[in-house]
Amino acid sequence: MSRMFQTISFLALIYLIHVMALGALASPASERENILLHTDRDVYVAGEDVFFRIFQTNENKREGLSARIAYILLQTPEGEMVEGYLVSLDETGGYGSIYLPDTLSSGFYALRAYTRNMLNRGAEHMAQKHLFISNRFDDQLDVLMELEEQPSEAIKAPYVDSLLSASDNRISPEVELSINMDSRMYGRREQANFELELTMPESQVADVTLAVVPALSLWPFLNPDEQPGVIAEISTNGLNALQIAEETVYPLLTGRVTDKRDHAPVEGVRVLLNTLDSLTTLTYTKSGENGYFSFAIDPFLQDKTIYLTWENPGDDRSLDLSITDVFEAAGTFEAYRGGIHPSIPLYVRESQDVLKVQKAYGSVYTQTEVQDTVLQINPHLLYSQPIRIIDPSRYVPLDDFQEIAREIIPWLRIRRARGEWTMQMHNERTAYTFFSTPPAIFINGLPVGNKDTLMGFTSEMIQHIELQNIPWRYGDMSFTGILSIFTRHNLDPDPFLPRPYVMVDPIRLHPPGRHFVPVADDENRQANTPDFRQLLFWEPSVIIDGGQKSSFSFHTGDLGGTYVIVVKGMLKTGEVFYQSKVFDVVL
């Protein structure tokens, strides 16, 4: 294959990547997405994991779903974010777990989930689940005790009875669901079996989430208005292309370029994206008419610190670049202020003691799910193969980069005039001609603005040097040579990066966490390690066809009491159904 054909193919690939990044801006919000958020319980102790399931639907009943990224965050009533993650979605939604930091204060929190498209409609249209979290060392539980003094009339009945009444099992008109158990009562560390029988139209498919939890861990009064599956009629008039952009494949990094003087949007500014790497890579886009820009953060860019720089518009304007914080828009919420049954504080204190025992024994019931899919990672190479590679270790040690250029890089000319360093690179396509304009310079994959840092490099600091000393085009960008230096050790890039620049923390997808249950064999039944699981069973996604019976099993632990099998599901057309079944564990 000729070098010219390789170059043309490479540039075509780069252009395609560039167009894909811009194309994310133009994606119309044709579907008004809606999310249903389900958790294994409503009450937790700091130091536990919250297991969640996100169901996704839209006004067209799930057909043609496009969002592939959801945002989930845990926040305080004042709007302070405790944890925030990006969750990968498939055709039906996504799932995972969130670890609750041990240092959380006792109180009411909200778990919120949404897509970028949903941000246009405001915080009131995000999926929200209120939770209560206690600190395991909080013996007073003042937050609860203040509520216990004024219990409401609706919850003075025996708690389990009131819970089941408030749960309001909901079944879609198209679904008949029954939960059949092999017993109504089980003993310590005993296997329990149950069967789901779904009757629905033959064309339907249900996606079901299953949980088996203590009845006292479900507080329906925290989320009385939860009505999943309701699509609000929202107008999209006046929304610009960036605001309604959907993350159809990868997460997006979005922002805006404005004039510092009057904060007016600036169109047509080329924004450059680089990462620290052992390769010279570059991704770029241009700001639109409202100053907005967007990058698709593909697997190559994920989990890396990102550095953004931008080209001067060529006039006297000073530019400002701001990054969209998708978690900042979640807003605040009003914490629960109603009454509670007197049994609730007792259960919370028992849960605190249970977690103390689990921590003492090192009991862990969460593990990261191993992904079967092998991601194809394509570096955004500025060039595929340099014209020359120079290894300074093959020469005598040299004391600074000007000496290195003079002695072992004859294709690079460095001068200092009027206190400034200037560089020219020899054009390989000619016999003796040097480019009239300076080359682009990179250190460990990042652009160089301050050449003083580079001039202090000794040959011992440099791993190798790459020269691309020919006229080079990258999309609609042109370079009069490229100089890339890679160091032996990691360097703080701040001294040499162009000013100004913006550093963005790594963007990563939250790995799905699975509930791990010890094997229920004879050895474990006789083990001395206490089995104090609050969550006996969790299956975030089970696909069931109409008329199909599905069987499941779990084993009880060392905690007695009343438990509930909770089944929440969604049909492929978007209807939601909910059912529960109560049983007892007697020690």
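Two strands are taken as paired if DSSP finds at least two bridges between them. In the predicted model described here, strand S4 and strand S7 (residues 107-114) meet this criterion, being joined by five bridges in an antiparallel arrangement. Within this pairing, Ile-72 has Ala-113 of S7 as its bridge partner. On pairing with strand S5 (residues 81-88), S4 again runs antiparallel, here over seven bridges, and Ile-69 stands opposite Ser-88. S4 and S5 together make a hairpin with five residues between the two strands. In the turn of this hairpin, Gly-79 adopts a positive phi of about 95 degrees.

The chain contains eight helices and 32 strands, and 52% of its 587 residues count as buried. Among contacts with a separation of 6 or more, 76% link residues 24 or more positions apart.

The largest nonpolar core comprises 50 residues, and Leu-111, Leu-253 and Leu-308 have the most contacts inside it. Strand S4 (residues 69-75) gives the most to this core, contributing six residues. Both domain 1 (32-232 + 329-371 + 512-585) and domain 2 (239-328) supply residues to the core, so it lies between them.

Three strands form an open sheet in the order S16-S13-S18, with antiparallel pairing. Strands S16 (292-296) and S18 (319-323) stand at the edges with a single partner strand each, so one side of each has no neighbour in the sheet. From one strand to the next, the twist averages 25 degrees. Strand S13 (residues 252-259) pairs with S18 over five bridges in the antiparallel sense, and Asp-259 has Leu-319 of S18 as its bridge partner.

Two buried polar residues complete the picture. Asp-584, in strand S32 (residues 576-585), has a relative accessible area of 18% and is therefore buried, the cut-off being under 20%. The side chain of Asp-584 makes a polar contact with the side chain of Arg-184 at 2.8 Å. Apart from neighbours within four places in sequence, Asp-584 is in contact with Arg-184, Met-185, Tyr-186, Gly-561 and Thr-562.

Ser-351, found in helix H5 (residues 343-361), has 7% relative accessibility and so also counts as buried. The side chain of Ser-351 makes a polar contact with the side chain of Gln-534 at 2.8 Å. Residues up to four places away in sequence aside, Ser-351 touches Val-45 and Gln-534.

How values were computed: Residues are numbered from 1 along each chain as its sequence is written. This is a predicted model: local features need pLDDT of at least 70, side-chain atom pairs count only at pLDDT 80 or more; totals for chains, interfaces and linings use all residues. Side-chain values use heavy atoms; hydrogens and water are left out. A nonpolar core is a set of buried Ala, Val, Leu, Ile, Met, Phe, Trp, Tyr and Cys residues joined through side-chain atoms within 4.5 Å. Buried means under 20% relative accessible area, exposed over 50%, partly exposed in between (1.4 Å probe, protein chains only). Helices (H or I, at least four residues) and strands (E, at least two) are DSSP runs, numbered from the N terminus. Domain bounds come from an automatic or database domain assignment. A polar contact is a pair of N or O atoms within 3.5 Å; within protein, one must be able to donate a hydrogen and the other to accept it, and residues adjacent in sequence count only if both atoms are side-chain atoms. Contact means heavy atoms within 4.5 Å. Axes are lines fitted to C-alpha atoms, for helices over the stretch in contact, and angles run from 0 to 180 degrees between N-to-C directions.
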